[in-house]
Amino acid sequence: MASALLEQDYDKDVKVDLSIWKRLFQYAFRYKKNTTILIVINILIAIVDIIYPLMSRYAIDTFIEGETTKGLPFFVVLYLCLIAFQAFGVYLFVARAGRIEMDVSYDIRQEGFRKLQELSFSFYDKTAVGYLMARMVSDVGRLSEMIAWSIVDLLWALTYVIGVTAAMLVLNWKLALLVLTVIPPLAVISMYFRKKILKYQRRVRKTNSRITGAFNEGIMGAMTTKTLVREEANYSEFRELTGEMRKTSIRAAVLSAMFMPIVMFLGSIGTGLALYRGGHAVLIGTLTWGTLSAFISYTMNFFEPVQQIAGILAELQSAQASAERVISLIDTPCEIVDTPEVIAKYGDSFNPKRENWERIRGEVEFKHVSFAYKGGEKVLTDFNLHVEAGETIALVGETGAGKSTIVNLVCRFYEPTEGQVLIDGKDYRERSQLWLQDSLGYVLQTPHLFSGTIADNIRYGRKDASDEEVRAAARMVHAEDFILKQEHGYDTEVGEGGVRLSTGEKQLISFARVILADPRIFVLDEATSSIDTETEQLIQDAITKVLQNRTSFIVAHRLSTIRNADRILVIRGGKITESGTHRELLNLHGYYYDLYTTQFREEAANEILS
Amino acid sequence: METGKKHTKTKMNWKLVARALKGSTRYLVLGAVFLLVAVVAAYCGPLVTSFTVDYVLGEEASSLPAAVMRWIDSWGGRDFLRGNIWICALALIGCTAVNGFATYLRRRYVALASEGVAMTLRNTLYSHLENVPYDYHKHVSTGDLVQRCTSDVETVRRFISVQLLEIVRTVAMVAVACYIMFSIEVRMALVSMVLLPILCVSSFVYFRRVRRQFTLSDEAEGKLSATLQENLAGVRVVRAFGQQRDEVDKFTVCNADFRDKTFKLTQMMGIYWGASDAVGYTQIALTLFVGIAFVVRGELTLGNLMMFTSYVGMLTWPVRQLGRVLADLGKATVSLGRLDEILSVPEEEEPGRAEKPEIRGRVQFKDVCFGYDTYDDVLHEISFTAEPGQTIAILGSTGSGKTSLVQLLQRLYLCTAGAIYIDGTNINDIEHGHLRRNIGIVLQEPFLYSRTIMDNIRLVRPEAAEEEVHAAARVAAVHDVIESFEQGYDTVVGERGVTLSGGQKQRVAIARMLMQNAPILIFDDSMSAVDTETDAAIRAALKKRREHTTTFIISHRITTLCEADNILVLEHGRLVQQGTHAELLAQDGLYRRIAEIQNALEDELRTEGGEA
């Protein structure tokens, strides 16, 4: 979904919305000192660039025409000073612009990341991780680069154009006006080409991402391709894609290959005009040699800044879409927010006031709860459930019946659209989100680990735990055996997302993580796919340990987990249709009975087989 | 990526270069030709200015070659031109026009060449990756391969389109400039060129050294992305443990690290640009100062001085870039080496006579052994026969060799000993495409391509009518499910579309396989995510559909197993039991143990029900 969204964005050619750019540029203006230095240095450099031809003019008119070397040493010193100044200026502006670029991207990312920590799950449900990554990494990078360097280029180019125009007008206004007639067509053509080129580049990027996708699919599906004997067909489809890529890339290249020569040609018309009219004036003595040389230098160089300005404008336009996406991410409203009163008492997610927190016992009650996902059908209607502190609840039922919704409501990842969820007898909206979530443990169907060592991961919920406590937790869920087998024991790096460990091992670590955090309320989304038997046994045992002494909700798939629960709830169509212990439910001969006889029977067979 | 770095070949494989350049060489040559034309035209511009200043406007002799001068004299020489200065202006514009047109052609041909090479490389890689043996894909990382096929190809493409001719261009420019300048005034020429080698060498050395900082900045960015990715993917865990604040702290560290490392890099760049600007401008200034002295002493004309300064101005930039290009030169070699590594893996070969016999479905395993390495047998002396139309069920624990057994039949691996015969022909003698087309297989975790469900099902027979697809989907009990989707059969699935559940995927894959109309079918635990009732319905529909199909089913479900004509029980790669349901029940063994447990379960239900 995310990539489809991206592709649409590529083709958008939107009008430049200045308010968005104003907001982005404000990030740069936070750094007043650096931006001021940058602006001043840039203007000075442009002025120096304008002075060089004037220096040559002076040299020609004074030394060459005057046939003297008197004053040449002074001239040399002055010239070298200019060079030194310019060299230093260039260093300064590159470094300052780089600094601003990095500061701006740092700030936007910081703000974006904080926002992402606050956004509710309804946002995450409809936004792919890849999409967010693209916004936070490449879009922000591109925008801050543009913001910093476009200030540089735009200022330099504008100062240069204005300065050169002024210098020429002062030197000889008639010749200047004549030469300057080249600028308007130059600007128009530059703008036209820049826009066109950007359009083609976008198309190239789009095709390129399709090629990457095709490679990805070709490699991931290689086995299936083989069994279906699809090699030839896939290859011919791929060839079409690369053929298209070649065609589009060449078109983009040809377009930019045409651009520079045309700009240069227009520039040379200026030089030609200077040489023609200026040369004439030199002959009749109304123009000095030096001035002619200065004119020639100026005309040879001024196509550069003009096309640069065109380039920046075109770029602004093409980056409009990225700018909007980034700003809208930062501006996304949070759906679940604590009231000001709650924040005043309990603190927010970043600065909690733990001293005011009541201890959670773990009693959970759903009171006439209705819930619907945004723009979707109602998942729960007038749902009521009372769970005593310490009780274990197993939820069974088909996909989409509402099991995950119930769990998400308990965690306050979502809030009820109607009704209340009470924790220890009080609506949880009267306390802060962090108050609840700090006492929550959650093990996902596909366990998620963070890169870092095994010990870091176990310590995730309680950073101050001692090594001994970490080990005790690991031992409790039988994770220590495999941990000690790792190369560096507890200090083994798990790799990004825990890639170096098996699913079962990751699961055990996430149980140890819960044990160490010792939450009052525990949520387990049990895995459907089975893992190797030995680990499976360990996990079963670990689950039993984790469930002790806390209120637990389990989206259950395994026979043993379900059987051991205090209460089993069969959820169908957002309602509790059956409720009771394993035996009680079997006696009902209802849905649970059917489920047990079909699904779980197979599991029994599996157990023997392994 | 890490593994890639370790094994990267550093020696250039010229055969690969030749293969990649095939069909593009002439464009490169044409590009080089027009490049030279452009360089010459570019140098004519200042020459025209110089000629105008010295000869037309001034009173000096021209430094143009005698032949050109004679031609100009025949037009009326200085006096004529003085009356018509526009001719000089036009000549100047003409030079730029020729330069511009040649530059355009050069870039066009270079684009043709570089895009051609990129296309050839991409196609070669893709086709190669489709045709390497099955085993290869089990041991490589998708990310690494995709990375190589995209970024490394891009590095090579960029090298050809930007760097290769840049080197030629700079060398040509320096050569032409040398020729003109030395022919006019040797001392001036020396003065004008003296700092250029320093510029080139210093930028070369600089970019070599700064590369480390580039890597540091790249790595910091990678870390930043990884941290972000991890946070987003694990957002539930973060919230459930209330770790937002620590996450922000963690991210801040990465964010600041990337900022500081990149800033250090730009600072180094700033020093470089500043310093090299200083050298470049000093070179121009030197030319100017010495030139002025020469002009004043009458040893150089004003026009030539202007020409020298423009030439020097034209040279400093490319010479500076040359150092950078040379410093980057190694990158393309490394990239090509990484691609070469992929391409040097041998493609799947025909071990035998590659015949295409008619296949009816008699399958015979004769003392088949198989092991991924020679010491450890996955399968050991397996022998059995399946007649056309029979259903063979395979039962065994994880790692008992079930999957290997059916993969051998499709010849995704070769037997290490023994042989498999289909209708009496050793499968090693059957052409692999023909063999696989006649054996339909559904994997436990099937892969769907990212296209519509319709296209996925008729993948092997794109010309099939929609009704046929619907019929196959009905047999696989997935037609109603598909119809319930908003876009029905036009729903796009896979990476870029809707995610189907495991059971739905399996059923779509079954429908896809049915379109193959193969005489031999294999279900590799491919209904594990489908509930038992649907499973039974699918099997019943299959039976009706084709009577003569030989079917292999890997399953744990006794209900599935008991219907088979022959049940194979595998343990640690050995065929420990085989027979029908009744026969196996009579023997003491794994099969009976499972059946007993299932019965026990039923008893338990009965008693629990009775307690009520």
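Tutor: A cut-off comes first: a residue counts as buried if 20 or more other C-beta atoms lie within 10 Å of its own, as exposed if 12 or fewer do, and as partly exposed in between. The model is predicted, and the part to look at is A:Ile197, which lies in helix H8 (residues 183-220) of chain A. A:Ile197 has 19 other C-beta atoms within 10 Å, so this residue is partly exposed.

The contacts of A:Ile197 come next. Leaving aside residues up to four places away in sequence, A:Ile197 touches A:Ala252, A:Leu255, A:Ser256 and A:Phe259. A further pair gives the spacing: A:Ile197 and A:Ala253 are 56 residues apart in sequence, and their C-alpha atoms are 8.4 Å apart in space.

From here the view widens to the interface. In the model, 127 residues of chain A are in contact with 119 residues of chain B. Helix H10 (residues 231-283) of chain A supplies the largest share of the chain A side, 31 residues. By residue class, the side of chain A that touches chain B divides into 71 nonpolar, 39 polar and 17 charged residues. For the complex, the predictor gives an ipTM of 0.83 and a pTM of 0.79.

Along the principal axes, the C-alpha atoms of chain B fill a box of roughly 120 × 65 × 55 Å. Of the 612 residues in chain B, 43% are buried. Contacts between residues at least 6 apart in sequence were also sorted by separation: in chain B, 79% of them join residues at least 24 apart.

Confidence in chain B remains to be stated. The mean pLDDT of chain B is 85, and 94% of its residues reach 70 or more. Where pLDDT is low, the predicted coordinates should not be read in detail.

Technical notes: Residues are numbered from 1 along each chain as its sequence is written. Chains are lettered from A and ligands numbered from 1 in the order in which they are written. This is a predicted model: local features need pLDDT of at least 70, side-chain atom pairs count only at pLDDT 80 or more; totals for chains, interfaces and linings use all residues. pLDDT is the predictor's confidence in each residue, from 0 to 100. Helices (H or I, at least four residues) and strands (E, at least two) are DSSP runs, numbered from the N terminus. Two residues are in contact if their C-beta atoms, placed from the backbone, lie within 7 Å. Ala, Val, Leu, Ile, Met, Phe, Trp, Tyr, Cys and Pro count as nonpolar, Asp, Glu, Lys and Arg as charged, and the others, Gly among them, as polar.
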